[in-house]
Amino acid sequence: MAGPLLLIDTHCHLDFDSYADDLPAVLARAAEAGVVAIVNPGTDLERSAAACDLAAAHAPIFAAVGIHPNSTADFSPEQVDAVRALAAREKVVAIGEIGLDYYRERSPKDVQRRAFEAQLALAGELGLPVIVHDRDAHDDLLALLETWVGGLNNGPLKARPGVLHSFSAPLHVAERALALGFYIGVTGPVTYKKADELRHVVARLPADRLLVETDGPFLAPPPSSG
Ligand SMILES: [Zn+2]
């Protein structure tokens with residue numbers, strides 16, 4: 001039954017400067033490795049537009065549009081309208097990456113929560129899944145996701161509302177997300193020497209609810225880490 005391995009990298013920031021000089025070579029190597037599609041999430045309005053441009057220019061690239069929690073310091077409701085406009089562009093498959101980052105806290109927590117809620121509401125309105133960034137914010141994040149999913153109409157989005165990207169939390173967090181219908185995104189750190197706990201968590205999750213992500217240009221597995 002062994003056919004060709006077809007992979008989708010559900011999270012790679014191909015719009016970042018790291019790829020400016022050799023994007024065609026990167027895409028060629030990805031294709032050789034069996035990667036048939038790559039989702040490029042935006043991190044702010046400018047980068048979301050850049051992701052849409054790349055998706056328009058390269059067949060395997062798809063875009064997600066949204067404002068990353070670290071970019072929400074100057075958040076305003078008008079920015080949600082701008083995300084809505086970007087979401088109408090071709091090959092936009094998700095709203096993201098959005099979420100909460102209490103580790104870096106580059107934006108006040110209450111502002112992060114407001115931006116996250118507004119973009120969740122937009123995703124519900126558009127029927128698009130969300131790509132969720134969670135850093136040290138599990139409880140607040142799950143509470144907001146539970147409220148959001150609870151308010152969705154029954155349909156494809158409610159059944160599979162999105163992905164917890166680059167998962168690095170305890171098992172009970174994954175279990176609450178799975179119960180909501182979320183996928184769990186697994187990145188390079190699962191290969192790190194010290195990541196026994198993360199490997200243990202991931203091994204207990206259903207394989208059909210795992211997504212593979214590079215999160216390039218970040219989180220490369222050894223020996224390329226850093
Ligand atoms: Zn990312």
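User: Where does Pro 221 sit?

Analyst: Pro 221 is in the segment after strand 8. Strands here are DSSP runs of E, at least two residues, and helices are runs of H or I, at least four residues, numbered from the N terminus. This is a predicted model, where local features need pLDDT of at least 70, side-chain atom pairs count only at pLDDT 80 or more, and totals for chains, interfaces and linings use all residues. Residues are numbered from 1 along each chain as its sequence is written, and side-chain values use heavy atoms, with hydrogens and water left out.

User: What relative accessibility does Pro 221 have?

Analyst: Pro 221 has 38%, so it counts as partly exposed. The cut-offs are under 20% relative accessible area for buried and over 50% for exposed, with partly exposed in between (1.4 Å probe, protein chains only).

User: And which residues is Pro 221 in contact with, leaving aside neighbours within four places in sequence?

Analyst: Gly 188, Thr 191 and Tyr 192. Contact means heavy atoms within 4.5 Å.

User: Switching to the metal: which residues coordinate the zinc ion?

Analyst: His 11 (NE2), His 13 (NE2), Glu 97 (OE) and Asp 215 (OD) do, at 2.1 to 2.6 Å. Donors are N, O and S atoms within 2.8 Å of the metal (3.2 Å for Na, K and Ca), and water is not among the atoms, so sites may look incomplete.

User: Why is the arrangement around the zinc ion irregular?

Analyst: Because the four donor atoms subtend angles of 85 to 171°. Four donors count as tetrahedral if all angles lie between 85 and 135 degrees; four count as square planar and six as octahedral if opposite donors are over 155 degrees apart and all others between 65 and 115; anything else is irregular.

User: How are the donors spaced along the chain?

Analyst: The pattern is H-x1-H-x83-E-x117-D. His 13, in the loop between strand 1 (7-9) and helix 1 (23-32), and Asp 215, in the segment after strand 8 (210-212), are 202 residues apart, so that pair links distant parts of the chain.

User: Are those two buried or exposed?

Analyst: His 13 is buried at 2% relative accessible area, and Asp 215 counts as buried at 8%.

User: Now Arg 89, where does that lie?

Analyst: Arg 89 lies in the loop between helix 3 (77-87) and strand 4 (92-101). Arg 89 is partly exposed, with a relative accessible area of 33%.
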